[in-house]
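Visitor: Please take me through one part of this model in close detail. I would like to look at the first chain and the face that it turns to its partner.

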Amino acid sequence: MRTDVWLVIAGMALVTYLTRAPLLLALARRPLPPRLRLWLRLIPLAVLPALALPLILVDQGRLVASPAHPPLWGAVIVFVLAGLRVNLLVTVAVAVAAVSALRALG
Amino acid sequence: MPGTVRDGFVASLALVPSVFVYSTVFGGLAVQAGLRPLEVWGMSLLVLAGASQFVAVPMLAAGASPLAIILTTYVINMRHYLMAAALAPAFRDFPRPWLALVAHWINDEAFAVAVARRNPPDPWFYLGSAAAVGGAFLAGVPVGTQLGGLVADPTRWGLDFAFPAVFLALVAVQLRERADWLVALASAALAIAIALVLPGNWHIIIAGVVVSGVAALVLRPEPA
């Protein structure tokens, strides 16, 4: 048992829990005003592109948006298939296979 | 509502292979960096936030100060504040001790799958989704600690692309009105701009708060 390592893990666990629990507990119970409800509804629409696009187009602080960048084509495939309401598993599998194939070719 | 739990679980299966491979890689890297398997698994169970764990392990190995590691973890995971706020209305009928437990299972992937189905999501659907993602994560870690450094680079198989692919697919199905497109495009542009100048996860938190906040002030709320 290495106490120092476990203390770091405990600290990491505590601060991570503090990013999850407070707002879930605070906002679950009370009836919320309409504008706050609107904000909560818009959060996913803002957070998901903010998670996805930098993973695709930014690599170590540089913009990588050239046609030779396989994830760019993967993103196009995902957007088209998802827009056609193709099943998520199929969409992701096709896109992952395409990115892998383009990387192998490149 | 066990049926809805199962729906959430099944809807998240697209993510299970990638989450499993990534946590296997994490387990392998962590033992190579000098952590013991029990520590690696304990960290995964108690922190349950892959990105921050990937960053913490090399810091631990390099002998960084505990405070620096813990603060870095906090900053990387601050995006959970946004997800917790957006999920909260779904859980209004749950007893508070349950909420304290559910909070631990908030993660990017389960959040994305559940809000794309319905917003605010069905709580049972969310729990099924979180079980699939969390289960895959926790199952991969011990496999990785046993295999050690044998795990190959997941980018070779394109598996790294599964995460942005899922996030993107799930935002695509939510784009109905012109305002939805505006919010998504503005957030993507702002996040990319910030990611080019600031390291870490600040682009997710800043773009997420600023764009959804401005849009909530400008757009007309639906009548209750």
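Guide: A helix here is a DSSP run of H or I that is at least four residues long, and helices are numbered from the N terminus. By that count, Ala97(A) is found in helix H4 of chain A. The model is a predicted one.

A residue counts as buried with 20 or more other C-beta atoms within 10 Å of its own, and as exposed with 12 or fewer. Ala97(A) has 15 such atoms within 10 Å, so it is partly exposed. Between Ala97(A) and Val64(A) there are 33 residues along the chain, counted as sequence separation, and their C-alpha atoms are separated by 20 Å.

Now the chain that holds this residue. Chain A has four helices and two strands. Read from the N terminus, its elements follow the order α-α-β-β-α-α. For 106 residues the globule rule gives 13 Å, whereas the radius of gyration of chain A is 20 Å, well over that value; chain A is therefore more spread out than a compact globule. Along the principal axes, its C-alpha atoms fill a box of roughly 50 × 50 × 30 Å. Of the 106 residues in chain A, 44% are buried.

Next, the face towards the partner. The contact involves 63 residues from chain A and 82 residues from chain B. On the chain A side, helix H1 (3-28), helix H2 (34-57), helix H3 (70-83) and helix H4 (88-105) each contribute at least two residues. H2(A) gives the largest share, with 23 residues. By residue class, the side of chain A that touches chain B comprises 49 nonpolar, eight polar and six charged residues.

Chain B has a helix pair to look at as well. The axes of helix H2 (residues 16-32) and helix H3 (residues 37-47) of chain B come within 9 Å and cross at roughly 135 degrees. Angles over 145 degrees would count as roughly antiparallel and 65 to 115 as roughly perpendicular, so H2(B) is oblique to H3(B). Their crossing is right-handed. H2(B) contributes Ser23(B), Gly27(B), Ala30(B) and Val31(B) to the contact, and H3(B) contributes Pro37(B), Val40(B) and Ser44(B). These contact residues of H2(B) and H3(B) comprise four nonpolar, three polar and no charged.

Notes:
Residues numbered from 1 in each chain as written. Chains lettered and ligands numbered in written order. Predicted model: local features only at pLDDT ≥ 70, side-chain atom pairs only at ≥ 80, totals over all residues. Axes fitted to C-alpha atoms, helices over the stretch in contact; angles between N-to-C directions. Parallel < 35°, antiparallel > 145°, perpendicular 65-115°, else oblique. Left-handed = near helix turned anticlockwise from the far one by under 90°. Contact = placed C-beta atoms within 7 Å. Nonpolar A, V, L, I, M, F, W, Y, C, P; charged D, E, K, R; others polar. Rg over C-alpha atoms; globule rule 2.2 N^0.38 Å.
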